[in-house]
2 protein chains.
Amino acid sequence: MIYEIAELTIKPDTHAAFEAAVTQAVPLFQRAAGCVSMRMERGIEAPDTYLLVVGWQTVEHHMVDFRDSADFQEWRRLVGDYFAQAPKVHHYAGVVAGFGG
Amino acid sequence: MIYEIAELTIKPDTHAAFEAAVTQAVPLFQRAAGCVSMRMERGIEAPDTYLLVVGWQTVEHHMVDFRDSADFQEWRRLVGDYFAQAPKVHHYAGVVAGFGG
């Protein structure tokens with residue numbers, strides 16, 4: 001499994017609506033091929049910045065299968081208007097398991 | 001719980017030694033007051049960049065208790081020489097639980 005980590009910076013004073021839209025979008029990820037997990041966190045020092053953390057079986061499940069799907073268009077329809085800038089998307093692979101899950 | 005996410009960019013060709021040093025440092029976090037979890041991921045597009053992801057009960061457990069501890073000095077002694085630049089550290093709070101843990 002790999003992680004997609006997308007840094008999302010949203011327009012000021014849209015937090016409640018944006019978080020509700022992401023919550024509404026959870027099923028899009030739940031039914032996506034190769035999607036293992038999804039959650040979102042909000043910056044404490046930078047409260048207009050969020051991290052969307054999505055576990056995928058492979059990078060291709062995200063960048064090919066999901067990006068080419070109608071559900072990706074639906075994701076962008078739900079949340080895209082809140083973005084203050086283009087999302088910054090990177091992928092990561094676990095290297096030190098550490099502890100605590 | 002909150003997450004510390006530290007972006008660590010290391011010197012080229014030091015990956016194996018750096019990852020071994022972080023593995024050696026896991027007990028420093030396991031015994032830190034208020035530390036809930038710890039793991040590290042490596043960038044797929046940017047393989048010199050790692051994310052250290054540490055769960056803490058509060059920001060203060062990280063920024064006051066741990067930063068002022070002898071174990072923080074030990075952490076920096078183990079891994080500091082590998083850094084190509086200063087770590088970029090931010091804190092995040094969960095806002096959308098999503099699914100899959």
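Start by selecting helix α1 (residues 15-30) of chain A and helix α3 (residues 70-79) of chain A: their axes come within 9 Å and cross at roughly 165°. Axes here are lines fitted to C-alpha atoms, for helices over the stretch in contact, and angles run from 0 to 180 degrees between N-to-C directions. The crossing makes α1(A) roughly antiparallel to α3(A); angles under 35 degrees count as roughly parallel, over 145 as roughly antiparallel, 65 to 115 as roughly perpendicular and the rest as oblique.

Before going on, note that this is a predicted model, in which local features need pLDDT of at least 70, side-chain atom pairs count only at pLDDT 80 or more, and totals for chains, interfaces and linings use all residues. Residues are numbered from 1 along each chain as its sequence is written, while chains are lettered from A and ligands numbered from 1 in the order in which they are written. Helices (H or I, at least four residues) and strands (E, at least two) are DSSP runs, numbered from the N terminus.

**The helix pair in chain A**

Keep the two helices selected. α1(A) passes α3(A) in a right-handed crossing (left-handed if the near helix is turned anticlockwise from the far one by less than a right angle, right-handed if clockwise). Now show side chains. On α1(A), the contact is made by Phe18(A), Ala21(A), Val22(A), Gln24(A), Ala25(A) and Leu28(A). On α3(A), Asp71(A), Glu74(A), Trp75(A), Leu78(A) and Val79(A) take part. Two residues are in contact if their C-beta atoms, placed from the backbone, lie within 7 Å. By class, this contact has 8 nonpolar, 1 polar and 2 charged residues. Ala, Val, Leu, Ile, Met, Phe, Trp, Tyr, Cys and Pro count as nonpolar, Asp, Glu, Lys and Arg as charged, and the others, Gly among them, as polar.

**The helix pair in chain B**

Next select α1(B) and helix α3 (residues 70-79) of chain B. Their axes come within 9 Å and cross at roughly 170°, and therefore α1(B) and α3(B) are roughly antiparallel to each other. The crossing of α1(B) and α3(B) is right-handed. Residues of this contact include Phe18(B) and Leu28(B) of α1(B), and Trp75(B) and Val79(B) of α3(B).

**The barrel**

In what order do the 8 strands close into a barrel? The order is β1(A)-β3(A)-β2(A)-β4(B)-β1(B)-β3(B)-β2(B)-β4(A), and the pairing is antiparallel. Two strands pair if DSSP finds at least two bridges between them. From one strand to the next, the twist averages 35°.

Walk along part of the barrel:

- β2(A) and strand β3 (residues 49-56) of chain A pair in the antiparallel sense over 7 bridges. A hairpin joins β2(A) to β3(A) through 5 residues. Select Cys35(A), whose bridge partner in β3(A) is Trp56(A).
- Strand β2 (residues 35-43) of chain A also pairs with β4(B), in the antiparallel sense, over 5 bridges. Here the bridge partner of Met38(A) is Phe99(B).
- β1(B) and β4(B) pair in the antiparallel sense over 6 bridges, with Ile2(B) opposite Ala93(B).
- β1(B) and β3(B) pair in the antiparallel sense over 8 bridges, with Tyr3(B) opposite Gly55(B).

**Where the chains meet**

Colour the two chains separately. How many residues does the contact take from each chain? The contact takes 33 residues from chain B and 33 residues from chain A. On chain B, β1 (2-9), α1 (15-30), β2 (35-43), β3 (49-56) and β4 (88-99) each supply at least two residues of the side that touches chain A. Among these elements, β4(B) gives the most, with 10 residues. The residues of that side of chain B divide into 17 nonpolar, 11 polar and 5 charged. Of the interface residues of chain B, 100% are also interface residues in chain A, so the copies meet through the same surface.

**The axis**

Finally, view both chains together. Chain B can be laid on chain A with an RMSD of 0.0 Å by a turn of 180° and a shift of 0.0 Å along the axis. The copies are superposed by least squares on the C-alpha atoms of residues with pLDDT of at least 70 in both. The two copies are thus related as by a two-fold rotation axis. To find the axis, select Gly101(B): in chain B its C-alpha is the nearest to the axis, 4.3 Å from it.
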